[in-house]
Amino acid sequence: MRYLANQYIRNKWIAGVMMLTFALTVAGAVQAQEQPQSDYEIQENFRNQIETLQQQVETVSTSQEADSIRQRIASLETHYADHESLINRALYPETYREKITQLKKRISTTHKRLARIEQQDETLKQLTIRLNNYSKRLIRLDNRTDSLKIAVSESKKTGDELQQELEYYRQQLEQRDQLILSFIDSVVITYQNLGIDSMPDIENRLSKSRLSSGENPLQMIRSIPAESIQLLDSEESLAPEEYLRMKTVHQEYAAMWNKVGHKLTEVYSVNPSQVESEVQQSINRWEKALNDKLWAAMLASFRRADIDIRSFENADAFYEALETYVEQGLAASRKDSGRKSYEQYARFADFWNDRVKGEWIDKMIRTDLITNARLVTIDRKTSDWASVAKPESNLFAYLLGMSVLAIAVLGFLLFREKSGSGSKKKTS
Amino acid sequence: MNYSQPVETVVTPGEDGTIEDVRHGLRFNILPLQFQETQDTSTVTTDEVRLIRGGSGYYYITANGYSNVYVMAPEKHKLKLVRKITISEQGLQNPAFNQRDPYVMLLNRGTNTTYRITENGIQQE
């Protein structure tokens, strides 16, 4: 019983102390509120806090921090709202409202910029992951292609099986080109959308990744021309269609580099101008290697089709060779539209329609190797050649001859009959 | 004409006792007033001088540790002492002036006391 009583007293005492403490605290706060503040200190504190916030706005580096500063500005505004008149007099000609508004505007702009950069950072990270995946896939494809090439060259398999392997090999090459095109699209879309004014910030944030080749998309981009040249050098006998497909890839790559190459080197390279120059030279060498192979393959195709066209090594020479061939054929057919000239025309027309127009022309136009106007000219001249080359029909001559023969025979028979009946009359 | 200064000026004296309020175009030496307080002008012992101009044009000057507020009238090339108002024999603790035209409020923050001061005298709030 006594214990319980003591407990009760003790609890009451603790409660009383707590109440007293609270009351004193409140009273102190009220008293503090009631005691007039120094006007000087109020405006000095305001100035100091404004200055501190201005410095924080200058150096803020994340959108989260910017949010926090925004809240502090709002808090400052609330806290000093009652002293606006005093602060206006102290800051004259500036005003309290101007200072707060200016600060709010700056933090708002900064916040938007930081949020955009963080978004772009995230996009860049995702792109880097995707590019690394592309890189791995490309390496796997290249390895598979190399293995296939070796297998094909050393193959002791039968004709059909060999054909299948060759076909598979060509499919791998095509996949490689498709992969590069997809990669180029990704690069262009991502980097083109990065605003120019954000590049210095991104550059600062990514300065470490310049030296980290494992995560550096520029490394992969730089490797594409070199690997493509290597592929071309090692490959002797691809069809023109394949070289034309590679031309498309080259064209897209060059366009991509033109659009975003400068930005990429600024972000990812310690020596941007040197890297930019190197890549441009690689692009030029790639183009030359590709052109050399392409024109040689096309010429070989013409020759295999028994079309003895003049050799060519560029787009203009290609067109001139075609035009000359057709004009010469046309002239020859006009002179002598015999079987030989007709066969020459037929060979050319078949090749032109089935191979050139059927398989090459779309990519040739897309990669500016021939224009529509030139295509139309060759078509027109080929048609002219067709109308001249077609041999004349001998049927009329045959019919005429047979008619003359028939008339001669009939005439002879008639004469004989008349002669025979005349003799019979004389003897009777 | 209202000469009232919206916020007090707080200035640390120079080594020679010079007080300069650039914003309000005022420059004087604190040593005479320091002498009034300490009878010593061999060195500048006044830490921060606080001054404010009232609506009538009089300057009110004091400092931490001073017992008095000095009411000064501006004259040609000088400030003339008009009134010496004793506030605290122990010395003001962390004083501050607030402009409350037509009077000036003096805060003695060490003792939580406030006064109304004019060129004519003082009244505790």
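**Aromatics and interface**

Guide: One aromatic cluster is made up of A:Trp295, A:Phe302, A:Phe312, A:Phe318, A:Phe351 and A:Trp360. Keep in mind that this is a predicted model.

Visitor: How many aromatic pairs are there over all chains?

Guide: The count is 18. Take A:Phe302 and A:Phe312: their ring centres are 6.2 Å apart and the planes sit at 85 degrees, so that pair is edge-to-face. A:Phe302 is in helix H10 of chain A, while A:Phe312 is in the loop between H10 and helix H11, 10 residues apart.

Visitor: Are A:Phe302 and A:Phe312 buried or exposed?

Guide: Both are buried. A:Phe302 has a relative accessible area of 0%.

Visitor: And what kind of pair do A:Phe302 and A:Trp360 form?

Guide: Edge-to-face, at 6.1 Å centre to centre with 75 degrees between the planes. A:Trp360 lies in helix H12 of chain A, so this pair ties H10 to a part 58 residues away in sequence. A:Trp360 is buried too, at 0% relative accessibility.

Visitor: OK, switching topic. How much area do chain B and chain A bury between them?

Guide: About 1100 Å², with 47% of it on carbon and sulfur atoms. The contact involves 15 residues of chain B and 13 residues of chain A.

Visitor: How many salt bridges are there between chain B and chain A?

Guide: Two. One of them joins A:Asp39 and B:Arg100, where the closest N and O atoms are 2.8 Å apart.

Visitor: Which strand gives the most to chain B's side of that contact?

Guide: E8(B), with four residues. That side of chain B divides into six nonpolar, four polar and five charged residues.

Conventions
Residues are numbered from 1 along each chain as its sequence is written. Chains are lettered from A and ligands numbered from 1 in the order in which they are written. This is a predicted model: local features need pLDDT of at least 70, side-chain atom pairs count only at pLDDT 80 or more; totals for chains, interfaces and linings use all residues. Side-chain values use heavy atoms; hydrogens and water are left out. Contact means heavy atoms within 4.5 Å. Buried area is the accessible area (1.4 Å probe) that two parts lose on being put together, summed over both. A salt bridge is a side-chain nitrogen of Lys or Arg within 4 Å of a carboxyl oxygen of Asp or Glu. Helices (H or I, at least four residues) and strands (E, at least two) are DSSP runs, numbered from the N terminus. Ala, Val, Leu, Ile, Met, Phe, Trp, Tyr, Cys and Pro count as nonpolar, Asp, Glu, Lys and Arg as charged, and the others, Gly among them, as polar. Rings of Phe, Tyr and Trp (its six-membered ring) pair if their centres lie within 6.5 Å; planes under 30 degrees apart count as stacked, over 60 as edge-to-face and the rest as tilted. Buried means under 20% relative accessible area, exposed over 50%, partly exposed in between (1.4 Å probe, protein chains only).
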